[in-house]
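Subject: Structure for your files

Hello,

The structure is below, and my notes on it follow.

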Amino acid sequence: KSHWLTIVVSILSMVVGTYARLFMPLLLKSIFDDVIEARDITELSRLGWLLLAVFFAQQFFGAIRMNLMHRLGQRFVLDVRLETYHHLLQLSLDFFEGRRTGDIMSRLSNDVNSVEDMVVHGTDTIITDSLTVLGTIGFMFMLSPTLMLYSLLPLPIFLNAIVIFGRIIRPLYERIRENLGDINSRLQESLEAIRVVKAFSREEYERERFEHDSREYYKANIKGIWLWSSFFPAISFIMSVGMLLVIWIGADMAVSGLTTAGTVVAFVAYLQRFYQPIGSLVRVHNTFNRALAALARIFQLMDEQPTISEKPDAVPLPRIGGRVKFDHVSFRYSTGEMILRDVSVVAEPGETVAIVGRSGAGKTSVVNLVPRLYDTLEGRVLIDGVDVRDVTLESLRSQIGIVLQETFLFNATINENIRYGRLDATDEEIVEAAKAAYASEFIDEMEDGYESLIGERGVKLSGGQRQRLAIARALLADPRILILDEAT
């Protein structure tokens with residue numbers, strides 16, 4: 001709706017440019033009948049200037065159309081990508097735990113790019129060629145209703161073929177998109193786990209798994225190529241038969257005196273303009289089916305709803321003292337057995353409370369309930385006597401600092417990674433946080449100090465160094481509640 005003016009101007013440019021082009025066969029008819037056949041050169045100058053004006057209008061309005069439609073298409077794709085990413089950030093952790101990262105990335109990149117191809121190029125083609133087809137039908141009917149009827153004889157075969165082709169090709173394109181997601185997932189997973197791959201000498205095993213996914217993608221693509229490479233020549237042959245039929249009958253009518261030679265020439269020119277955009281529309285139909293398959297995957301992502309969401313009447317949590325209470329809490333993940341059963345515990349402000357237990361006992365699950373990364377199945381988690389489900393997520397989580405069990409650092413500088421805890425922090429505050437986490441010792445020894453790049457996931461640092469940076473990041477946030485998940 002916000003781009004309605006651009007759309008109106010684009011469509012007007014399409015109409016003017018398209019119908020300017022459609023006047024050319026009429027002018028050719030006049031040149032053929034009124035100049036060549038009549039052997040009268042006086043009309044040639046006027047008709048020549050008219051042709052020049054038609055050529056100019058076609059190119060001028062075509063340039064406006066292309067510029068506006070492509071800009072509009074790019075803006076549409078930008079909006080889709082940003083809206084999808086924003087929606088993705090709102091989803092709860094359980095969504096990401098049940099999805100492959102590579103497949104999600106494929107939807108934001110490859111699938112959006114397929115939509116881009118359709119919106120930027122396909123929409124322009126559909127509107128322009130549809131206008132051309134409709135206008136051409138009108139001009140052909142005006143020139144010769146008889147030839148018009150003969151030219152439309154192949155059309156039912158043509159339209160039925162397109163419908164059948166769409167029903168066959170669309171499921172195939174959906175499978176191709178899924179296979180591409182598998183490839184991206186496999187690639188992303190193996191690269192992230194490259195240390196494990198090399199430690200267990202599993203290079204050949206990973207190569208075989210990647211090759212299997214790639215071959216499935218290849219087979220699906222080859223089938224698609226076979227379908228459209230067989231379909232389009234068949235459609236072109238049908239169009240050629242229609243053209244031959246019109247030339248045959250038109251020539252006979254001209255010889256019999258039922259029409260003029262100029263009319264036949266103009267009609268054949270219009271028929272070419274009729275079949276050419278139809279062939280183009282068939283090719284766009286192929287692009288359209290690809291885009292629909294991609295859109296289905298994007299909409300599937302957009303239809304996902306967060307399991308952790310704010311109540312309509314949620315209120316901001318004021319600055320807290322930090323009293324945390326578990327009130328008869330039971331919890332389990334969406335799939336699996338009960339992790340916590342009737343747990344009640346209180347942590348007072350100023351206290352350091354340690355939770356110990358065997359692996360899998362639910363220690364991480366306990367701390368995940370405090371910032372409401374998950375919701376309890378039964379019971380309540382209270383902060384200063386307020387149920388965490390009754391306050392806004394931002395006001396709750398902004399007062400909690402977490403050092404995760406699996407340390408994650410960004411492919412950026414040390415300064416940028418620590419600053420992630422509080423984006424408006426000064427360099428002095430970052431240094432103080434690093435000293436408090438005992439990280440300044442190794443940072444000062446690095447050549448570029450706080451501006452040192454640490455690589456993806458902090459690969460250039462040791463495990464202990466990565467964890468100390470994560471602690472510095474949490475301390476910089478100056479949280480009222482600090483959670484250290486096995487950060488010993």
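Aspartate 448 lies in the loop between α15 (440–445) and α16 (463–476); helices (H or I, at least four residues) and strands (E, at least two) are DSSP runs, numbered from the N terminus. This is a predicted model, in which local features need pLDDT of at least 70 and side-chain atom pairs count only at pLDDT 80 or more, while totals for chains, interfaces and linings use all residues. Residues are numbered from 1 along each chain as its sequence is written, and side-chain values use heavy atoms, with hydrogens and water left out.

Asp448 also belongs to a negative surface patch, together with Glu416, Glu447 and Glu451. Patch residues have over 30% relative accessible area and no salt bridge, with like charges joined within 9 Å and nonpolar side chains within 5 Å. Areas come from the Shrake-Rupley method with a 1.4 Å probe, and a salt bridge is a Lys or Arg side-chain nitrogen within 4 Å of an Asp or Glu carboxyl oxygen.

On a 1 Å grid over the protein atoms alone, a cavity is a set of points where a 1.4 Å probe fits but cannot get out; a pocket is an open set with protein on both sides within 12 Å along at least five of seven lines, and lining residues have an atom within 4 Å of a point.

The second largest pocket holds about 980 Å³ and is lined by 32 residues, with Thr352, Val353, Leu482, Ile483 and Leu484 nearest its centre. β1 (324–331), β2 (340–347), α11 (363–369) and β6 (481–484) each give two or more residues to that lining.

The whole structure has two cavities of 30 Å³ or more. About 50 Å³ lies in the largest cavity, where α10 gives the largest share of the lining, three residues.

Regards

Note on methods
Lys, Arg positive; Asp, Glu negative; His and termini not counted. Charge placed at Lys NZ, Arg CZ, Asp CG, Glu CD. Points joined across faces, edges and corners; volume = space filled by probe spheres on them.
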